[in-house]
Amino acid sequence: MSDAIFRKTEKGQEEIKTRSAGLNPRQRRILILIDGQKSVSQLRELAATDDLTHVLSTMEELGLIELVGTVDETGATQSVDRIESITAFRPLPDPPTRKSSKWRVIS
């Protein structure tokens with residue numbers, strides 16, 4: 001299993017200076033910790049938060065951070081041009097076909 005590595009975007013760097021995105025103190029602390037070197041597992045240890053994945057996906061959607069790569073169990077890194085974002089939208093499965101109702105309306 002691989003572990004994602006994020007870095008701040010230009011907008012993320014600006015957020016550190018201006019505090020314009022309305023991040024709460026915990027989200028801001030996580031943004032400050034993101035440096036393009038630490039993996040999500042390392043961030044989880046440092047931030048000690050249960051909703052790190054949600055915070056990261058929110059920051060990625062806001063354009064404050066971007067995925068730069070992954071690191072596997074051996075420490076080998078893989079660049080972003082070969083992987084998808086962890087928060088990328090996936091196509092929805094086809095909806096189930098609707099069968100005729102077996103229930104009768106009783107009046």
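## Overall layout

Helices and strands here are DSSP runs, numbered from the N terminus; a helix has at least four residues and a strand at least two. On that basis, the elements of the protein run β-α-α-α-α-β-β from the N terminus on. That comes to 4 helices and 3 strands. The model is a predicted one.

The protein has 107 residues, and 33% of them count as buried. Take the contacts with a separation of 6 or more: residues 24 or more positions apart account for 63% of them.

## Helix 3 against helix 4

Two packed helices are described by the angle between their axes and the distance between the axes. Helix 3 covers residues 40-47 and helix 4 covers residues 52-61. Their axes come within 11 Å and cross at roughly 115°. Angles of 65 to 115 degrees count as roughly perpendicular, so helix 3 and helix 4 are roughly perpendicular to each other. The crossing of helix 3 past helix 4 is right-handed.

Which residues meet in this pair? Helix 3 brings Val40, Leu43 and Arg44, and helix 4 brings Leu52, Thr53 and Leu56. By class, the residues of this contact are 4 nonpolar, 1 polar and 1 charged. Thr53, in helix 4, is partly exposed, with a relative accessible area of 45%. Thr53 and Val40 are 13 residues apart in sequence; C-alpha to C-alpha, they are 8.4 Å apart in space.

## Helix 1 against helix 2

Helix 1 spans residues 10-18, and helix 1 packs on helix 2 at an angle of about 125°, with the axes 11 Å apart. That angle makes helix 1 oblique to helix 2. Helix 1 passes helix 2 in a left-handed crossing.

On the helix 1 side, the contact residues are Gly12, Glu15 and Ile16. They meet Arg28, Leu31 and Ile32 in helix 2. This contact of helix 1 with helix 2 holds 3 nonpolar, 1 polar and 2 charged residues.

## Helix 4 and its cover

Helix 4 has these buried residues: Leu52, Val55, Leu56, Ser57, Met59 and Glu60. What covers them? The cover includes strand 1 (3-8), helix 2 (25-33), helix 3 and strand 2 (65-71). Just after helix 4, Gly63 takes a positive phi of about 80°.

## The nonpolar core

In soluble globular proteins, nonpolar side chains tend to be buried together. The largest nonpolar core in this model has 16 residues. Phe6, Ile30, Ile34, Leu56, Met59 and Ile65 touch the most other members. Strand 1, helix 2, helix 3, helix 4 and strand 2 each give two or more residues to this core. Which element gives the most? Helix 4 does, with 4 residues.

## Met59 and Gln27

Met59 is one of the buried residues of helix 4. Residues up to four places away in sequence aside, Met59 touches Gln27, Ile30, Leu31, Leu64 and Ile65. Of these partners, Ile30 and Ile65 are among the core residues that touch the most other members. Leu31 also belongs to the contact of helix 1 with helix 2.

Gln27 sits in helix 2. Is Gln27 buried or exposed? The relative accessible area of Gln27 is 15%. Buried means under 20%, so Gln27 is buried. Leaving aside neighbours within four places in sequence, Gln27 is in contact with Val55 and Met59. Val55 and Met59 are both listed among the buried residues of helix 4.

Notes:
Residues are numbered from 1 along each chain as its sequence is written. This is a predicted model: local features need pLDDT of at least 70, side-chain atom pairs count only at pLDDT 80 or more; totals for chains, interfaces and linings use all residues. Side-chain values use heavy atoms; hydrogens and water are left out. Axes are lines fitted to C-alpha atoms, for helices over the stretch in contact, and angles run from 0 to 180 degrees between N-to-C directions. Angles under 35 degrees count as roughly parallel, over 145 as roughly antiparallel, 65 to 115 as roughly perpendicular and the rest as oblique. A crossing is left-handed if the near helix is turned anticlockwise from the far one by less than a right angle, and right-handed if clockwise. Contact means heavy atoms within 4.5 Å. Ala, Val, Leu, Ile, Met, Phe, Trp, Tyr, Cys and Pro count as nonpolar, Asp, Glu, Lys and Arg as charged, and the others, Gly among them, as polar. Buried means under 20% relative accessible area, exposed over 50%, partly exposed in between (1.4 Å probe, protein chains only). A nonpolar core is a set of buried Ala, Val, Leu, Ile, Met, Phe, Trp, Tyr and Cys residues joined through side-chain atoms within 4.5 Å.
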